[in-house]
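Open the model in your viewer and keep the selection panel at hand. This tour tells you what to pick next and what to look for there.

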Amino acid sequence: MDRLTVKQQERLGRIGGYAGLLLVTLIIGLPMFWMLSGSLKTLREIYTFPPDWIPKDPQWSNFKEAWQSVPFGRFYINSIIITFFGTSLQLICGILCAYAFAFLRFPFKNILFLGVLAALMVPGEVVILPNFIFFGNTIRDWLGTEDNWVNTYQAVVLPGAATAFGTFLMRQGFMTLPKDVLDAAKVDGAGHLRTMFGIVLPMAKPIVITFGMISLVNKWNDYLWPLVITRTDEMRPITVGVRLLFDAEGNNNWGVIMAGTCFVVIPLLIVYVFLQRYIIAGLTAGATKG
Amino acid sequence: MVSTSGRTESPLAGTAVGTQPRRASRAWFRRWAGKEWVLFLLFILPNFFFLAMFTYWPLWENVKMSLQQTDLLAFKSEPKYVGFDNYQWLFDNRTFRLVVKNTVIFIGASVGFTLLFGLLIALLLNQKLRFRTGVRALVFAPTLLSGAAIGIVWAYIFDPRFGLLAQILDWFSIPSPHWLDRPEWALPAIIIVYVWKNLGFASVIFLAGLQGIPKDLYDAAKVDGAGAWWRFKSVTLPMLSPISFFLMVTSVLSTFQAFDIQQVMTKGGPAFATTTLVYYVYEQSFGQGANFGRAAAAAIILFIAMLVVTAIQMGYTEKKVHYDG
């Protein structure tokens with residue numbers, strides 16, 4: 001065989017490249033397409049083989065049925081409450097702590113910082129049982145009440161209020177801020193509160209938003225702890241709720257079940273479509289900069 | 001107004017002060033909060049409070065519990081100290097040994113395939129092709145989605161009679177295995193879902209690594225007459241090794257914690273085929289026949305495993321810093 005010219009080689013490489021892109025698109029995209037098309041199928045269409053790729057008569061009623069089968073409205077409210085308070089608390093704890101470690105003097109500061117970092121090695125999964133016992137039992141002795149805190153918002157949110165990762169990430173970000181601006185603020189007599197809100201936070205906005213985004217996605221998708229600590233439909237977040245739909249419908253009514261999973265996935269996908277650049281940069285920032 | 005030294009008068013402080021008590025309280029506030037160490041403590045207090053309450057203290061409680069025998073019926077009675085009996089029981093137990101094996105296979109395969117395919121996709125996205133930003137966005141999307149929802153979608157895809165995968169296998173005249181009902185297929189099925197979900201993250205990180213490799217290294221290799229494969233082996237791979245190592249460690253740590261997908265798809269079954277360490281802790285804590293002592297011991301084993309991985313990473317990074325300096 002004759003050797004290919006450089007131009008031919010390049011063309012072959014490009015064709016291979018586009019074939020690769022197509023393959024990747026199919027592998028990642030098909031399951032998502034399968035969810036969307038499934039959510040619009042009739043029972044009959046679901047039970048045909050080979051399957052119909054595009055439903056002929058889109059069944060929007062699947063969404064209505066899913067919404068009525070389990071209380072999705074309530075699940076949404078719970079997820080929004082849990083995500084809002086969870087993310088806010090992590091931001092407050094993280095920003096204050098990161099500011100202290102970046103700008104304030106204190107003896108043995110480095111040892112204390114190691115104390116924060118060490119928490120990275122203790123994921124919530126490891127301490128799930130003692131935390132459950134705390135909210136189920138110990139809290140009654142502490143507060144002197146009859147009721148425990150199982151199945152309450154505060155029990156869902158509080159164990160995830162602190163953040164070791166966020167403290168680390170934002171401290172790194174704060175420390176890269178130009179020193180002279182901060183010095184100028186000091187000369188002007190600005191106190192630390194004013195420096196934080198007026199100078200540090202506006203300048204370090206990208207890193208704060210980055211961490212906010214990571215926190216938001218984690219809280220919205222959180223599953224194990226809410227599954228354990230919530231007991232009734234009134235308190236379940238949507239991730240646990242969709243599981244209830246799966247159980248309620250059994251694994252035969254796939255159309256309704258797929259409609260239910262759309263309820264969980266679509267809000268995040270919509271946000272993603274608009275903020276795609278920032279989200280990718282944000283979620284990977286911890287990896288590439290840390 | 002809080003000032004750094006406590007003595008310097010902030011120019012704004014005087015204007016806002018009106019009445020006597022307010023001035024007094026302000027003075028008090030300034031005297032204390034103006035001291036840098038007080039402010040430091042105030043600022044770290046919330047984070048440290050929650051870390052102490054829900055991370056460090058429960059970890060200590062967990063260690064204690066793992067050395068005790070807990071009788072659920074006599075929950076209020078004093079727990080009995082049993083030394084390492086719970087650990088001994090776990091290591092003698094066939095199910096637990098299977099769980100450890102599952103965890104190793106699950107982590108090894110998930111992380112291995114995620115890194116391999118992630119690198120391939122990154123190399124693809126690093127070419128000057130049209131639509132590549134769009135494909136990058138698509139590949140990253142599953143990273144964001146709820147594992148519970150994804151698990152349900154894939155349960156439908158794996159449906160041996162009417163699922164997407166059954167259709168694709170049918171094109172090649174391969175009958176679909178009963179993925180989630182067979183012990184030998186359930187774990188591979190779960191691994192496929194995890195790789196699908198985490199591919200995007202790995203490829204975006206690899207892509208950042210690829211774009212950070214200085215162009216002149218390639219030019220130099222070209223001048224030396226190195227072909228594409230040789231350039232990949234002698235420039236790309238070595239330059240990517242720190243980021244690969246980092247990705248491997250973080251992926252291993254996060255895969256240790258994987259829970260939602262198997263909880264939704266298989267509930268750890270069939271016959272414990274998809275029960276990993278985290279799932280075992282959950283089952284021993286809240287499932288039928290729960291045993292708190294054993295659950296706590298299993299949780300500590302999980303903790304130690306993750307600690308070892310972290311220690312290896314730290315050792316490696318230390319060495320690297322050494323070489324650089």
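**Stop 1: where the chains meet**

Select both chains: the contact takes 77 residues from chain A and 79 residues from chain B. Two residues are in contact if their C-beta atoms, placed from the backbone, lie within 7 Å. On the side of chain A that touches chain B, helix α14 (residues 254–289) of chain A gives the largest share, 15 residues. Helices (H or I, at least four residues) and strands (E, at least two) are DSSP runs, numbered from the N terminus. Colour that side of chain A by type: 54 residues are nonpolar, 18 polar and five charged. Here Ala, Val, Leu, Ile, Met, Phe, Trp, Tyr, Cys and Pro count as nonpolar, Asp, Glu, Lys and Arg as charged, and the others, Gly among them, as polar.

A word on the ground rules: this is a predicted model, where local features need pLDDT of at least 70 and side-chain atom pairs pLDDT 80 or more, while totals for chains, interfaces and linings use all residues. Residues are numbered from 1 along each chain as its sequence is written, and chains are lettered from A and ligands numbered from 1 in the order in which they are written.

**Stop 2: chain A**

The C-alpha trace spans about 75 × 70 × 35 Å along its principal axes.

Next, select helix α1 (residues 6–38) of chain A. Its 33 residues reach 47 Å from first C-alpha to last, close to the 48 Å expected. That expected span is 1.5 Å times one less than the number of residues. Where is the kink in α1(A)? Go to Gly29(A), shortly before the proline Pro31(A): the kink is about 40 degrees. The bend is the angle between axes fitted to the seven residues ending at a residue and the seven starting there. Buried residues of α1(A) include Leu21(A), Ile28(A), Pro31(A) and Trp34(A). A residue is buried if 20 or more other C-beta atoms lie within 10 Å of its own, exposed if 12 or fewer, and partly exposed in between; C-beta atoms are placed from the backbone.

**Stop 3: the core**

The largest nonpolar core has 159 residues, and Tyr99(A) and Val153(B) are among those with the most contacts inside it. Such a core is a set of buried Ala, Val, Leu, Ile, Met, Phe, Trp, Tyr and Cys residues joined through C-beta atoms within 7 Å. Centre on Tyr99(A). Beyond its neighbours within four places in sequence, Tyr99(A) contacts Phe174(A), Met196(A), Val200(A) and Phe43(B).

**Stop 4: chain B**

Switch to chain B, with 14 helices and two strands. Pick helix α7 (residues 147–157) of chain B: 11 of its 11 residues are buried.

Finish with two loop residues. Ser173(B) sits between α8 (164–171) and α9 of chain B, and its phi is near 55 degrees, positive in a residue other than glycine. Is Ser173(B) buried or exposed? Exposed, because 6 other C-beta atoms lie within 10 Å. Phe272(B) lies in the loop between α12 (260–265) and α13 (277–286) of chain B. Its phi, near 65 degrees, is also positive. Phe272(B) counts as buried because it has 20 C-beta neighbours inside 10 Å.
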